[in-house]
Amino acid sequence: MAGSNERSVKALKEVWRRAENSLCADCGKPDPDWASSTLGVFICLSCSGIHRNIPSISKVKSLKMDHWDDAQVQFLAKHGNAVTKATYEAHIPIYYYQPTYNDCQVLREQWIRAKYERKEFTKPGKQLPYSDGVKEGILWKRGRDNGQFLPRKFLLSEREGCLKYFTKQDAKEPKINVKIDVINATFQPVKIGNPNGLQITYLKDNKTRNIFVYHESGKEVVDWFNAIRSVQFHYLKVAFPIASDNEIKNRLTRNFLKEGYMEKTGPKQREAFKKRWFTLDHRRLMYFKDPLDAFAKGEVFVGSRENGYSVQKGLPSGTQGNFSWHYGLTIVTPDREYLFTCESETDQLDWITAFTSVINQAMTPQEYASKYLDVVS
């Protein structure tokens, strides 16, 4: 028995060490130390918890702490991440968002369930709930002024190229009608206070407008998210016929580069610093009095280094405004300097890293034309 067990442990380690199994099969996290004995994939601890919730499909065990018999090890050796992905990820639509370990629980759970439980990607041309070019249903939307979440009818239409919502079920005219190419959507469970919270952002009169929604069903809210990406993808394919699929994919919904509180002062740099919520969405730095505000109080365009933009650690000497946080940073633009303070050195360095990543990127002609967004006060 001892010899058989040693052989199993040795064989398990050999399969585990294969390059294809060095990342979690579901979220890409390095060094997974769990596996599914029924699917044959190597997964991380977090994803193993999701697998554990679908026991009829996947049975998970620790690669370090649990015993694996010869048959189970042979099954892993025969499958592994590459073979299993070839089956369960064979026909993923290019617009479908494949989450990573940095993404929220609802995205990762629905990705795992879509693959193994619903088998959405195993056959070509399968009709999917987010691929019709139209989606209609109820989402709970936060009121702009009262902060209450109320049910609202939403309609997404590829033919019309827009997203609408109606304040009443039988309303003929929508409250909003937004072109699909100016929409962004990103999951915000912590900010919204709901595990299925989704933030929909769009430009209105060249100002950013936020809508916060959720649905009780994780599947439904993720289907809405991927339906938006699907409609965007097909809209942009028509608008930019010579662009490659990957180029268009990169123009779909995006996560914010960074969000959080900083203190800011005004253009005279003598006013008291005020605590505000900041969102860095590529080259748009927006600030809000409250994280769930519908409109930004101001925006700063963050250009490239070659166009005179930079970020510096600390504040200029002689800064007069009163501030309670002491980890400063300065955004330098061709027109003026913007002064901010952070609560901790970690926050300060994270913000500097985020700004640097944007400033080091060359500006596109469209971005250069939008420079006049430099309107923060």
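1. Strand 13 is covered on both faces: R284, M286 and F288 on one side, and L285 and Y287 on the other, are all buried. Buried here means under 20% relative accessible area, exposed means over 50%, and partly exposed lies in between, with a 1.4 Å probe and protein chains only. In a regular strand the side chains alternate between the two faces of the sheet. Strands (E, at least two residues) and helices (H or I, at least four) are DSSP runs numbered from the N terminus.

2. A note on the source: this is a predicted model, in which local features need pLDDT of at least 70 and side-chain atom pairs count only at pLDDT 80 or more, while totals for chains, interfaces and linings use all residues. Residues are numbered from 1 along each chain as its sequence is written, and side-chain values use heavy atoms, with hydrogens and water left out.

3. What does strand 13 pair with? Strand 12 (residues 274–281) pairs with strand 13 in the antiparallel sense over 5 bridges; two strands count as paired if DSSP finds at least two bridges between them. Within this pair, W277 has F288 as its bridge partner. Strand 13 also pairs with strand 14 (residues 298–301), again in the antiparallel sense, over 4 bridges. In that pairing Y287 stands opposite G298.

4. Strands 12 and 13 form a hairpin with 2 residues between them. H282 is found in the loop between the two strands. The phi of H282 is near 55°, a positive value in a residue other than glycine. H282 is partly exposed, with a relative accessible area of 25%.

5. K119 also has a positive phi, near 50°, and is not a glycine. K119 is found in the loop between helix 5 (105–117) and strand 4. At 40% relative accessibility, K119 counts as partly exposed.

6. E263 lies in strand 11 (residues 258–264).

7. E263 does have polar partners. The side chain of E263 makes a polar contact with the side chain of S324, at 2.5 Å. A polar atom of the E263 side chain also lies 3.2 Å from the backbone nitrogen of W325. A polar contact is a pair of N or O atoms within 3.5 Å; within protein, one must be able to donate a hydrogen and the other to accept it, and residues adjacent in sequence count only if both atoms are side-chain atoms. Leaving out residues up to four places away in sequence, E263 touches residues including F273, F323 and L339; contact means heavy atoms within 4.5 Å.

8. K135 is in strand 4 (residues 134–142). K135 is buried, with a relative accessible area of 10%. Its side chain makes a polar contact with the side chain of E220, at 3.2 Å. Not counting residues up to four places away in sequence, K135 touches D223, W224 and A227, among others.

9. Helix 7 (residues 218–239) has 22 residues. At its start, a side-chain oxygen of S217 reaches to within 3.3 Å of the backbone nitrogen of K219.

Methods:
The expected span of a helix is 1.5 Å times one less than its number of residues.
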